[in-house]
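Thanks for making time this morning.

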Amino acid sequence: MSGKPKLYYFNGRGKMESVRWLLAAAGVEFEEEFLETRDQYEKLLQSGFLLFQQVPMVEIDGMKMVQTRAILSYIAAKYNLYGKDLKERALIDMYVGGTDDLMEFISMLPFLSAEDKEKQLAVIVQKATSRYFPAYEKVLKDHGQDFLVGNNFSWADVHLLEAILMVEEKKSDVLSGFPQLQAFKARTSSIPTIKKFLEPGSQRKPVPDDKFVETVRRVLCMYYDVKAN
């Protein structure tokens with residue numbers, strides 16, 4: 001296959017949103033096929049391309065890739081967003097892993113009951129302000145550079161900006177005690193490819209709503225409630 005990468009997922013954030021962010025940051029145009037019915041999902045399953053019977057799936061460079069982390073690692077390496085050596089790559093992996101942990105708390109929110117959502121929101125803010133954001137604040141302060149690793153824009157920076165904006169959607173002043181992260185957010189948001197992705201009309205998805213939740217439940221036959229941590 002040649003041409004634009006093609007993303008197979010729901011018309012919403014979920015696990016695919018970080019893929020959209022990374023491709024956009026790299027300045028790569030991509031196409032999307034949205035799963036809206038169980039039949040569409042069944043056809044993908046029958047094709048054999050969903051190796052572990054789950055999405056996201058990304059068609060890129062002749063491959064049909066599954067597993068979000070593998071997809072992101074490939075894109076990062078392909079577009080020079082994965083550091084210059086093994087040590088930098090290890091740091092990027094470490095920072096991305098930490099950011100993933102925070103984002104996981106947010107991604108389950110739409111699938112929770114109203115009562116559990118309130119509890120989870122408190123957990124998200126607490127984790128962000130006491131565990132994750134202080135760590136990145138310290139990294140940026142200690143090395144005095146513009147970006148997390150090697151003073152070059154990388155996957156780690158893209159992932160952190162995505163997470164910051166996700167938490168700010170829940171608590172707009174969450175960065176009030178983190179001057180380094182405030183500057184980092186302003187700096188990375190002004191990168192032309194990122195700025196374009198943040199503008200209205202881009203392929204960035206909005207906060208998941210009830211329609212997104214219902215589509216995911218219907219397509220994946222999810223007839224149970226997710227429980228908050």
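**Spans, domains and core**

Let me begin with residues 85-209, a span that is 67% helix and 0% strand, with its end C-alpha atoms 41 Å apart; helices here are DSSP runs of H or I of at least four residues, strands are E runs of at least two, and both are numbered from the N terminus. What we are looking at is a predicted model, in which local features need pLDDT of at least 70 and side-chain atom pairs count only at pLDDT 80 or more, while totals for chains, interfaces and linings use all residues. Residues are numbered from 1 along each chain as its sequence is written, and side-chain values use heavy atoms, with hydrogens and water left out.

According to UniProt, in an unreviewed entry, residues 85-209 carry the feature "domain: GST C-terminal", and residues 3-83 are listed as "domain: GST N-terminal", also from an unreviewed entry; such positions are given in the numbering used here, feature names are shortened, and annotations may be inferred rather than shown by experiment. Over residues 3-83 the chain is 37% helix and 20% strand, and the end C-alpha atoms are 25 Å apart.

The domain assignment, which is automatic or taken from a database, gives domain 1 as 6-79 + 199-220 and domain 2 as 86-191. Their centres, taken over C-alpha atoms, are separated by 22 Å, and 19 residues of domain 1 are in contact with 19 residues of domain 2, where contact means heavy atoms within 4.5 Å. Between them the two domains bury about 1500 Å², 63% of it on carbon and sulfur atoms, and this buried area is the accessible area, with a 1.4 Å probe, that two parts lose on being put together, summed over both. On the domain 1 side, Ser18, Trp21 and Arg69 lose the most area to domain 2, together 34% of what that side buries.

Which residues touch the most other members of the largest nonpolar core? They are Val19, Phe133, Leu148 and Leu181, out of 74 residues, a nonpolar core being a set of buried Ala, Val, Leu, Ile, Met, Phe, Trp, Tyr and Cys residues joined through side-chain atoms within 4.5 Å. Buried means under 20% relative accessible area, exposed over 50%, and partly exposed in between, with a 1.4 Å probe and protein chains only. Helix 6 (residues 155-168) supplies the largest share of this core, 10 residues, and the core lies between domain 1 and domain 2 because both give residues to it. As for helix 6 itself, 14 of its 14 residues are buried, so it is largely enclosed by the rest of the structure.

Not counting residues up to four places away in sequence, Phe133 touches Leu102, Ala128, Ile164, Val167, Val174, Leu175, Phe178 and Leu181.

Turning to helix 3 (residues 68-78), we find Ile75 there, and Ile75 counts as buried because its relative accessibility is 0%. Ile75 touches Val19, Leu22, Leu23 and Ile60, again leaving aside residues up to four places away; Val19 is 56 residues from Ile75 in sequence, yet their C-alpha atoms are 8.3 Å apart in space. The cover over the buried residues of helix 3 includes helix 1 (17-25), strand 3 (57-60), strand 4 (63-66) and helix 6.

Lastly, Thr215 sits in helix 9 (residues 210-220) and, with 13% relative accessibility, counts as buried.
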